[in-house]
Amino acid sequence: MANGRGRREPVFDAPATEAGELDFYLSPEDRAGGSMARRRASRQNDEDRPPRRSRSRKSKRKGRSFLGKLIYAGVVLGLWGIIAVGGVVAYYASQLPPIDQLTVPKRPPNIAIMANDGSLITNRGETGGRTVTLKELPPYLPKAFVAIEDRRFYDHLGIDPMGIARAAYRNLTRSGGLQGGSTLTQQLAKNLFLTQERTASRKIQEAILALWLERNYSKDQILELYLNRVYFGAGAYGVEAAAQRYYGKSARHVSLSEAAVLAGLVQSPSRLAPNRNPKAAQARAELVIAAMNELGFITPDMRKTALGQPAEPARPNGAGSANYAADYVMDVLDDFVGTIDTDIAVFTTIDPMMQSAAERVLVEELNAKGQKFNVSQGAFVALQPDGAVRALVGGRNYETSQFNRATSARRQPGSSFKPFVYLTAVERGYTPDTVLDDSPVNYKGWAPQNYDRKYRGPIALRDALALSLNTIAIKLNMEVGPKAVVQTAQRLGITSPLQANGSLALGTSEVTPLELVSAYAAFANGGIGVTPYVITEVKTLDGKIVYKRPASAGGLGRVIDPAAVAMMNEMMHNTFVIGTAQKAQVPGWPMAGKTGTTDDYKDAWFVGFTGNLVAGVWLGNDDGELTKRVTGGNLPTEVWHNFMKIALKDKQPVALPGGERFRNGVPVADAGGDPRYAAVGNGGDAWAQPQPQPQRRTRPREKNFFEKLFGL
């Protein structure tokens, strides 16, 4: 019953039966364990049902359970697989630098070495070529790489599952050759950040880095980075280096067929190099062209033209002597620019025509006569009288030997050292007319002789030098003092150690070809000492000047008096007239110079000059083996003569300092016995005032220094 608040009170009245009696009996549900009883009853009823129906339902339940278990197990395994892969990726990602600190490493700088006409001599540096932009390249060049290496490049996000599947299928079916399935982005990631090892860990890191590249760079930026970093073999990194290496031209100017070869080359640089395996390279290029045509990168007509005109690799130009000049540039470059962190262009004084001529005449002479005379090597240096190096050849063939004999090989100069002895004497009052006695000398058992073992008695210095008489040079050396001769040579630019002794006059102290030729430049320019130079300017690719040779940059200043220059040039000119260099004459040109031969025929030299060019030749053997009587007057003068004919062609003759003494290469007869030793050279040095006639003198009757010293 309910109270006033709606609460219902319990009722204890039992329900009545139909007879009106109260029912106090418990039903099965009301009894303890009633539920259990019901279930037992239910089972009893089930046992009375047909057994076939019961088994069918049970089988159905079991089937569903097995399938569910399979699905469940698959889901669980898949989740664990994802977790495992994620863990592996996370592990290898942890081995990389933090992503927020990751940057593309700088490409090693390239050094483009340029000739004096602006043409490229060669590239130096770790890459072998400068950086190029996509805008600079013909459109078909980058497309060739996309077509053969990663045709879905512009569609994927750095990793191409379809490409991986396609590569796996072809590898399994052995169709199309083995393929890696790496995208261009993955290849770039490997080149930028990883090693070349083939491991699963590297591939995982490669994929991670490829995703990072795609997130931070545009497709064109990635492609440009790739083209400038990929390796093409032969030390060429980047498409510009490869184009220069294999076709001798910039990547900006390659043809479609050449572009196809370059694109195909990256798969296997050693096997597909066009200069080593042209058939394989061309076969690969045809695949590239077909792929470009299939993707619509080129027209059918372009395809036909490219296939009809296969690329031809550039043939090596000569013996590669320009590399010797490039080595010299690299040797001195640090003195001007210090540390290099960007691509630069180094403009030099090297003249391509003279460089090529110097190499050609040297190699031809050695090829023609080297075996007969047992001489295998040579060096050649040519420079302007102001010290600008025009040609420098450091050996017979750069590919077989990179040792630069022009700058690094110290060899005995022989008689080509005698001008320093004669100059020292002239500066102490001797003249070309001074007469000394060509007679035997002997110093404590040392008795040097003339080349022909003959003696001529009294002889003027001009003739003694032209004939390269050893006795006169030794006597002059001892009269003026060996130390004074050393000082003279050093004043003119000889930097190698010199021994101040009696044999110095015969050129027994070793020098390099470059320093000897540079020292002779003072005779060619009127007496100004020079320091050889090869670099005129250094620029970055955007035109910023890093170094520029000052217009006022000088050498060593005045080192010879103009009158002494004129007398020396007269005597050295006589070498071409009556002396050992008669074979070297070039008609119409006033010339001067000196041959040199060591006593044992190890080394042979000739250094000569005009008013606008100085050049020197050395011939010999690296191991010091004796030649078969090679002298400065035969093979070296022939090389020098052949070079000067080319170098002076179509140029107007230039007078030597003191040139009023000569006309068309022939001495002018003395006018009243009063010739003028006036220096009328180039480079702004001209001395119009006539110099006094050197007084003719003979050897004093009293014993000279040499006689007193030797006790004669």
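## Overall picture

Helices (H or I, at least four residues) and strands (E, at least two) are taken here as DSSP runs, numbered from the N terminus. By that count, the protein chain has 21 helices and 16 strands. This is a predicted model, in which local features need pLDDT of at least 70 and side-chain atom pairs count only at pLDDT 80 or more, while totals for chains, interfaces and linings use all residues. Residues are numbered from 1 along each chain as its sequence is written, and side-chain values use heavy atoms, with hydrogens and water left out.

Of the 712 residues in the protein chain, 48% are buried, meaning under 20% relative accessible area, with exposed over 50% and partly exposed in between (1.4 Å probe, protein chains only). A contact is a pair of heavy atoms within 4.5 Å. Among contacts in the protein chain with a separation of 6 or more, 69% come from residues 24 or more positions apart.

Let's turn to a pair of strands. Strand E12 (residues 592–597) is mostly covered, with six of its six residues buried. Ala592, Lys594 and Gly596 point one way, Gly593, Thr595 and Thr597 point the other way, and all are buried.

E12 pairs with strand E13 (residues 604–609) in the antiparallel sense, over six bridges; pairing requires that DSSP finds at least two bridges between the strands. Within this arrangement, glycine 593 sits opposite glycine 608 of E13. Six residues lie between the strands of the hairpin, where tyrosine 601 adopts a positive phi near 65°.

Leucine 184 belongs to helix H5 (residues 184–193). Its relative accessibility is 1%, so leucine 184 counts as buried. Leaving aside neighbours within four places in sequence, leucine 184 is in contact with Phe145, Val146, Glu149, Asp150, Phe153, Leu223 and Tyr226. The C-alpha atoms of leucine 184 and phenylalanine 153 are 7.0 Å apart, although the two residues are separated by 31 residues along the chain.

In helix H6 (residues 200–216), the buried residues include Arg202, Trp212 and Leu213.

Lysine 475 is buried yet has no salt bridge, and aspartate 437, the nearest side chain of opposite charge, is 4.9 Å away. Lys and Arg count as positive and Asp and Glu as negative, with His and the chain ends not counted; a salt bridge needs a side-chain nitrogen of Lys or Arg within 4 Å of a carboxyl oxygen of Asp or Glu. The backbone oxygen of aspartate 437, however, lies 2.6 Å from a polar atom of the lysine 475 side chain.

Terms used: A polar contact is a pair of N or O atoms within 3.5 Å; within protein, one must be able to donate a hydrogen and the other to accept it, and residues adjacent in sequence count only if both atoms are side-chain atoms.
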